[in-house]
Amino acid sequence: MRLSNYIVNTSKEIPKEAEIASHQLMLRAGMIDKLTAGVYTFLPLGLKVLRKIEKIIREELDRIGALECLMPVIQPKELWEQSGRWEKMNDLMFRLKDKNEREYCLGPTHEEVITDLFTRIVKSYKDLPVSLYQIQLKYRDEIRPRFGVMRAREFVMKDAYSFHKDKKCLQKTYDDFYKAYTRIFERLGLKFRVVEADSGNIGGDSSHEFMVLAQTGEDDIIYCENCNYASNVEKAKGRFALYDNSEFDLDEKKEIFTPNVKTIEDMEVFFKRSNKNFIKCVLYKNEKSEFFICLIRGDLEINEVKLAHIISGEFAIASEEDLINLAGIGKGSLGPIGIDSKVNIIADISIKNTKNMITGANKKDTHIQGISSDDINIKKYYDIHKVDSTFKCSKCGENLKIERGIEVGHIFQLEDKYSKASKACFTGESGKELFVMMGCYGIGVTRIIGAAIEQNYDDNGIKWSLALAPFLVNIIPVDIKKDEIVLFCDKIYNELLNANIECCYDDRNFRAGFKFKDSDLIGIPYKLIVGNKFLEKGIIEIEERSSNKKYDVDAKEILPFLNERLK
RNA sequence: CGGGGUGUGGCGCAGUUGGCUAGCGCGCCUGCCUUGGGAGCAGGAAGCCGAAGGUUCAAGUCCUUUCACCCCGACCA
């Protein structure tokens, strides 16, 4: 590609709207252009990178026998009512009506469509298992789109769905996808980690996320330094530090007047004890106006994703008003003892067998001391705590670490959740109708571009891996007024094209420095510089973007040199 | 949805207590010059100041409404 014919829409100015490196660089390199919040055009350069990612994904999925298809973006409301998600995904969906007032949404995902499709294309166990995938635009009206392609409202996703006669078969395909995903992210040259994950509102049991490690990630990953345990913090299990407070004499069980003591920090100061001696109480309310008081040791935090498995429906921390109506108190004095009997008690296992604890007394400005877990009407203990780096690995007991990650892939075993809702059946070997078992596998294709840049950039711009670079080599004539240079560049350009080496040729009438800057910003792995050294000694300077190393290469040796490097 | 902020040539911004022809940098166009890390000089094009309404002799500037975009939060009693 001659750059004189290309759109090189680069900028040295840092765009105001972009916060993180990948977003800034994608805009500056002219890869994307924003139309409106969270909606981007992929310019030729950005599209080239996108296509490279798609190609790798296709190759690896085809290898495990998945079949590509393309499903509609526009999906009828009825399909979503059937699965019960028309209401549930309320805020997330873009909706529209046709001229007859029929309602539709722009697909935020395709479980509904594929399950419906399944009922028409598969009838018998003989057709199973089968896996279908597509690379398609998805539409999600995110609460807050940000970071460019990282959290966009229109984005490209690879989604795949597998169908099975039983769980065992599903597990096998799940493992195939796991391996294919691993190969995909390895080929993309990303540093990533596979973690256990909560399956969220998509449902299902077993689930793994593929996380690209980056400071700017929106997820916290917990992993063990010693064994292979790794999990999204949303799901992570660990051993919290045990705490023995027998160093203190057993307090008399009584109420203490505690004016202005509201937070756990306030309590530490007031009682002169560490936060492990307190029971933290948080009141939640769900959409049915049921109340839940959650009890957890004062040094720990509640993990609401775990709570979502216990409390049904949407829920949130109760308002100050609710607190007053329910217990007649404001913040800070809530406690499990003497609380209104219609409030459900959800106790974290960190409370189990505790003694001599201090907690709210359900009375204004009052706490109660000398409480043991036996004093509270706890029917069952749950794991509702958030794991952090103070925890030990529950598998091997070693230290846990925490790191930020960008979720680029997620695989789920849906089992029969959607097939039951959509009555997706097949005829089994016995002749009876059975619900099909399903798996679901996603990759955020456009998000990968951002993630890859977050891992590979410097002050000058993007540093593409060979797998993703829009061009592998950039031929740069230092002075296009010198015929000798231009003639040689034309020649080597044709040679590279004939050798199927993806290259561009910066034949624009700019000064050399300008072209170097552009090349580095865009992130082309190799610059082939034809200048004074060529005129004097027939030597071409080849500069490697990743290492900043420069190689003097004889004009005749260029192809072998590049072939060696680009292998 | 709550809080904060910003809307002025393509981009980034300035524009005082309302006042005359709305500026600057980058980019763009023309010419000269230059060609190894985003050069220099000269000339030029490009704006109903986000939108609507109002106050005023006079509005980019004041008031009201509205839209868009950005940031923080939507969670620990």
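The legends below describe close-up views of a predicted model.

**View 1. Helix 2 packs against helix 11 in this predicted model.**
Helix 2 covers residues 44-63 and helix 11 covers residues 445-455, and the two pack at an angle of about 110 degrees, with their axes 9 Å apart. That angle makes helix 2 roughly perpendicular to helix 11, since angles from 65 to 115 degrees are counted in that class. The crossing in which helix 2 passes helix 11 is right-handed. On the side of helix 2 the contact is made by G46, V49, L50, I53, E54 and I57, while helix 11 contributes V445, T446, I448 and I449. Sorted by class, this contact of helix 2 with helix 11 has seven nonpolar, two polar and one charged residues.

Strand 4 and strand 6, the latter made of residues 103-106, pair in the antiparallel sense over three bridges. Within this region of the sheet, Q75 stands opposite C105 in strand 6.

**View 2. A salt bridge joins R85 and E111.**
A search of the whole structure finds 53 salt bridges, and one pair that forms a salt bridge is R85 with E111, whose closest N and O atoms are 2.8 Å apart. R85 lies in helix 4 (residues 85-88) and E111 lies in helix 5 (residues 111-121), so the pair ties together parts that are 26 residues apart in sequence.

**View 3. Helix 12 and helix 15 cross at roughly 45 degrees.**
The axes of helix 12, which covers residues 483-498, and helix 15, which covers residues 558-565, come within 11 Å of each other. Helix 12 and helix 15 are therefore oblique to each other, and helix 12 passes helix 15 in a right-handed crossing. In helix 12, the residues F488, I492, E495 and L496 meet I558, L559 and L562 of helix 15. By class, the contact of helix 12 with helix 15 has six nonpolar, no polar and one charged residues.

How values were computed. Residues are numbered from 1 along each chain as its sequence is written. Chains are lettered from A and ligands numbered from 1 in the order in which they are written. This is a predicted model: local features need pLDDT of at least 70, side-chain atom pairs count only at pLDDT 80 or more; totals for chains, interfaces and linings use all residues. Side-chain values use heavy atoms; hydrogens and water are left out. Axes are lines fitted to C-alpha atoms, for helices over the stretch in contact, and angles run from 0 to 180 degrees between N-to-C directions. Helices (H or I, at least four residues) and strands (E, at least two) are DSSP runs, numbered from the N terminus. Angles under 35 degrees count as roughly parallel, over 145 as roughly antiparallel, 65 to 115 as roughly perpendicular and the rest as oblique. A crossing is left-handed if the near helix is turned anticlockwise from the far one by less than a right angle, and right-handed if clockwise. Contact means heavy atoms within 4.5 Å. Ala, Val, Leu, Ile, Met, Phe, Trp, Tyr, Cys and Pro count as nonpolar, Asp, Glu, Lys and Arg as charged, and the others, Gly among them, as polar. Two strands pair if DSSP finds at least two bridges between them. A salt bridge is a side-chain nitrogen of Lys or Arg within 4 Å of a carboxyl oxygen of Asp or Glu.
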